[in-house]
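Please study the structure shown below.

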Amino acid sequence: IFLEAPHLLPLTSIVEIDGQKVKVTNGGRKNAKAWFIYSKVDPADASNSLQEIPMVYIGLDESLQVVKECLEKVNHQYCSILGFSQGAVFCHILSSLAMQAKSIARSETEIDVESEMVSSNSPFSKIKSAILLSGFPSMHSGPSDAEEYQTHEYRN
């Protein structure tokens, strides 16, 4: 199954060059999509991703829901994911959710988890392997209801 990112990117952007606002074409792809967006001002602007500072990935919840619904429909217990560029960052987040779900399932104690994203019966637990190509560090730092897939901190 090959999933498509849900966020359509605009064909043009307005950028500032030497103090002047200039309209630029965003690669000319009419169907360019993203798993999440870095800027509310210009959805095609990915320059924030290069700063390697924690930020909110806009639209991440919708993308996670797309994958969750697909995994719920799949009648397999073994799924692999593959991501390129921003897709690799997204796969890192999915892998983190899979590991958390598996950890909860293996735990012998009752863990109070508010989010369905990381419960022991989470569809993300079907993810058994990931291939990440040409990715970059995930710096998602979401609001408190999204803490379970923050990846900007190293956890021991």
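Q: In which strand is Ile-131 found?
A: Ile-131 is found in strand E6. Helices (H or I, at least four residues) and strands (E, at least two) are DSSP runs, numbered from the N terminus. The model is a predicted one, in which local features need pLDDT of at least 70 and side-chain atom pairs count only at pLDDT 80 or more, while totals for chains, interfaces and linings use all residues. Residues are numbered from 1 along each chain as its sequence is written, and side-chain values use heavy atoms, with hydrogens and water left out.

Q: Is Ile-131 buried, partly exposed or exposed?
A: A residue is buried under 20% relative accessible area, exposed over 50%, and partly exposed in between (1.4 Å probe, protein chains only). Ile-131 has a relative accessible area of 45%, so the residue is partly exposed.

Q: Which residues form a nonpolar patch on the surface?
A: Patches are made of residues with over 30% relative accessible area and no salt bridge; like charges are joined within 9 Å, and nonpolar side chains (Val, Leu, Ile, Met, Phe, Trp, Tyr) within 5 Å. Here the nonpolar patch is formed by Leu-82, Phe-84, Ile-131 and Leu-133, which together have about 410 Å² of accessible area. Such areas come from the Shrake-Rupley method with a 1.4 Å probe, and for residues only the protein chains shown count as cover. At least two residues of the patch are supplied by each of strand E5 (79–84) and strand E6 (127–133).

Q: How many helices and strands does the chain have, and in what order do the elements run?
A: There are two helices and six strands in the chain. Read from the N terminus, the order is β-β-β-β-α-β-α-β.

Q: Which residues of the largest nonpolar core touch the most other members?
A: In soluble globular proteins, nonpolar side chains tend to be buried together. A nonpolar core is a set of buried Ala, Val, Leu, Ile, Met, Phe, Trp, Tyr and Cys residues joined through side-chain atoms within 4.5 Å. The largest core of this structure has 24 residues, and Phe-36, Tyr-57, Leu-64, Phe-90, Leu-94 and Phe-124 touch the most other members. Helix H1 (60–73), E5 and helix H2 (86–106) are the elements that give two or more residues to this core. H2 provides the largest share, seven residues.

Q: How many disulfides does a search of the whole structure find?
A: A disulfide is a covalent bond between the sulfur atoms of two cysteines. The search looks for a pair of cysteine sulfur atoms within 2.5 Å, and in the whole structure it finds zero disulfides. For Cys-79, the nearest cysteine sulfur is that of Cys-70, 7.4 Å away. Cys-79 is buried, with a relative accessible area of 12%, and Cys-91 also counts as buried, at 4%.

Q: Which side chains meet in a salt bridge?
A: Side chains of opposite charge can pair when their charged atoms come close. The criterion for a salt bridge is a side-chain nitrogen of Lys or Arg within 4 Å of a carboxyl oxygen of Asp or Glu. The whole structure holds one salt bridge by this search; in it the side chains of Glu-4 and Lys-33 meet at 2.5 Å, N to O. Glu-4 lies in the segment before strand E1 (7–8) and Lys-33 in strand E4 (residues 33–34), so the pair ties together parts that are 29 residues apart in sequence. Glu-4 is partly exposed at 47% relative accessibility, and Lys-33 is partly exposed at 30%.

Q: What is the phi of Ser-85, and where is its place?
A: Most residues other than glycine have a negative phi, and most peptide bonds are trans. Ser-85 is not a glycine, although its phi is positive, about 60°. Ser-85 is placed in the loop between E5 and H2 and is partly exposed, with a relative accessible area of 28%. Ser-134 also has a positive phi, about 50°, although it is not a glycine. Ser-134 lies in the segment after E6 and is exposed, with a relative accessible area of 54%.

Q: Which residues does Ser-49 touch, not counting residues up to four places away in sequence?
A: Contact means heavy atoms within 4.5 Å. With residues up to four places away in sequence not counted, Ser-49 touches Tyr-38, Met-55 and Phe-136. Ser-49 is found in the loop between E4 and H1 and counts as buried, at 13% relative accessibility.
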